[in-house]
Amino acid sequence: MELLCAFRTHLFHTRSLPFLHTTSKLPASPGNRFLRRDADVKANGVFSGDPDPRAIDRQKALEAAMNDINSSFGNGSVTRLGSAGGALVETFPSGCLTLDLALGGGLPKGRIVEIFGPESSGKTTLALHAIAEVQKLGGNAMLVDAEHAFDPSYSRALGVDIENLIVCQPDNGEMALEIADRMCRSGAIDLICVDSVSALTPRAEIEGEIGMQQMGLQARLMSQALRKMSGNASKAGCTLIFLNQIRYKIGVFYGNPEVTSGGIALKFFASLRLEIRPTGKIKSPKGDEDIGIRVRVRVQKSKGCILDCAEMMDVVVRKGSWYSYADIRLGQGRDKALQYLRGNPHLGNEIEMSRVQMDFSFSHVSMSSNFFNKLVSKVLNSLNFFNNVLETLTISTERRKINPGHLHHIYIV
């Protein structure tokens with residue numbers, strides 16, 4: 001991981017990131033100080049050998065404000081990320097091994113997931129597989145069947161425990177989303193699947209006549225519901241899966257005319273968007289009839305990637321365009337490296353475990369000695385390069401030359 005260092009001659013604000021400790025001195029210079037790490041980040045960003053009374057006062061004011069907020073809005077309303085366990089997002093299997101590998105573990109808990117695609121592409125089948133996996137882990141699942149097309153026999157064949165599956169067939173969209181929100185707030189449901197967004201018909205549209213213009217009713221309904229349900233799902237650890245259909249824009253001659261129904265609010269609230277499309281047919285052993293379809297799932301939006309996270313935490317090293325893990329070369333370019341990890345799931349699991357352990361150690365501000373020594377070595381080896389370019393660096397505000405004696409801090413970002 002490349003170390004980006006910022007030089008400052010005055011006080012500067014910092015982010016809440018781990019900093020570096022060492023007692024090694026910089027190259028001899030009158031103004032140089034020790035390269036050191038402060039586990040307790042001071043509020044005003046001052047790093048010096050002597051304690052700053054202003055930093056102590058600001059820290060006391062911060063603690064008093066946090067205690068006041070927690071007493072007013074409930075314990076845990078404001079907390080430090082380190083004391084919250086690192087805010088790691090748990091996952092559960094989706095029922096498809098290759099999809100779990102592409103997602104870095106499976107579907108996220110407490111998040112909103114959108115699965116969209118054309119007709120008969122396997123959207124409901126993928127959702128039923130996820131329901132079956134949740135039930136195998138001892139969780140509770142709910143299906144909001146807005147299309148009124150639930151098939152118990154097919155669901156049982158996919159492994160769904162239909163005896164314990166909670167099913168709702170609402171009369172209108174408001175009823176469907178309100179029931180889903182109440183079940184989510186109960187804290188007893190692990191997965192709620194809404195099939196589908198296109199079938200969430202607003203009450204005003206049902207009570208009106210066919211042919212009446214109802215502009216934006218469904219989009220406003222989804223936007224209002226998602227604003228309420230996103231926070232409740234995160235607190236309860238309940239995953240919301242919305243199945244969506246594809247519509248076509250009129251008069252589009254260039255670009256993709258496809259658009260999902262229900263407005264664009266779901267695109268913003270969804271932490272994961274999966275596009276599923278059929279790629280071929282599965283024939284019977286005799287080849288005289290079709291018994292299934294092959295589909296390709298494309299991850300259109302995902303807030304996380306095992307390769308990117310491993311590279312940022314120096315678990316996977318990139319030299320030029322080549323990615324490598326320990327003594328293993330994963331491939332040239334990001335796509336080749338991901339393809340290699342897909343073909344070697346055990347290696348991907350090993351990288352994921354290394355990344356999680358590294359993340360855990362960072363959250364407790366306790367890096368292992370090997371990683372710490374490696375990080376110190378990288379910084380110290382870079383000092384020669386810094387000394388060579390100090391004469392050419394300029395301060396953006398005053399546009400004057402930097403004196404090596406002004407080098408006070410090295411900020412690891």
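**Salt bridges, a helix pair and a surface patch**

Glu 258 and Arg 277 pair through their side chains in a salt bridge, with N and O 2.3 Å apart. This pair ties together distant parts of the chain. Glu 258 sits in strand β10 (residues 258–260), and Arg 277 sits in strand β11 (residues 272–283). The two residues are 19 residues apart. The model is predicted.

How exposed are the two partners? Glu 258 has a relative accessible area of 22%. Arg 277 has 26%. Buried means under 20% and exposed means over 50%, so values in between count as partly exposed. Glu 258 is therefore partly exposed, and so is Arg 277. The pair also belongs to a network: salt bridges with shared partners join Glu 258, Glu 275 and Arg 277.

Side chains of opposite charge can pair when their charged atoms come close. How many salt bridges does the whole structure hold? A search finds 10. One of them joins the side chains of Glu 90 and Lys 109, at 3.5 Å from N to O. Here too, distant parts of the chain are linked. Glu 90 lies in the loop between α1 and β2. Lys 109 lies in the loop between β3 (107–108) and β4 (112–116). The separation is 19 residues. Lys 109 has 35% relative accessibility, so Lys 109 counts as partly exposed.

Arg 182 pairs with Glu 178, and their closest N and O atoms are 3.1 Å apart. Both residues lie in helix α5. They are four residues apart, about one turn of the helix. Arg 182, at 55%, is exposed. Glu 178, at 29%, is partly exposed.

The axes of α5 (residues 173–185) and α7 (residues 217–236) come within 9 Å. They cross at roughly 15 degrees. Angles under 35 degrees count as roughly parallel, so α5 and α7 are roughly parallel to each other. The crossing of α5 past α7 is left-handed.

Now to the nonpolar surface. Which residues form a nonpolar patch there? They are Ile 69, Phe 73 and Val 78. Together they have about 280 Å² of accessible area. Val 78 is in the loop between α1 (53–73) and β2 (91–92). The relative accessible area of Val 78 is 31%, so Val 78 is partly exposed. Patch residues need over 30% relative accessible area, and Val 78 has 31%.

Note on methods: Residues are numbered from 1 along each chain as its sequence is written. This is a predicted model: local features need pLDDT of at least 70, side-chain atom pairs count only at pLDDT 80 or more; totals for chains, interfaces and linings use all residues. Side-chain values use heavy atoms; hydrogens and water are left out. Patches are made of residues with over 30% relative accessible area and no salt bridge: like charges are joined within 9 Å, nonpolar side chains (Val, Leu, Ile, Met, Phe, Trp, Tyr) within 5 Å. Accessible areas come from the Shrake-Rupley method with a 1.4 Å probe; for residues, only the protein chains shown count as cover. A salt bridge is a side-chain nitrogen of Lys or Arg within 4 Å of a carboxyl oxygen of Asp or Glu. Buried means under 20% relative accessible area, exposed over 50%, partly exposed in between (1.4 Å probe, protein chains only). Axes are lines fitted to C-alpha atoms, for helices over the stretch in contact, and angles run from 0 to 180 degrees between N-to-C directions. Angles under 35 degrees count as roughly parallel, over 145 as roughly antiparallel, 65 to 115 as roughly perpendicular and the rest as oblique. A crossing is left-handed if the near helix is turned anticlockwise from the far one by less than a right angle, and right-handed if clockwise.
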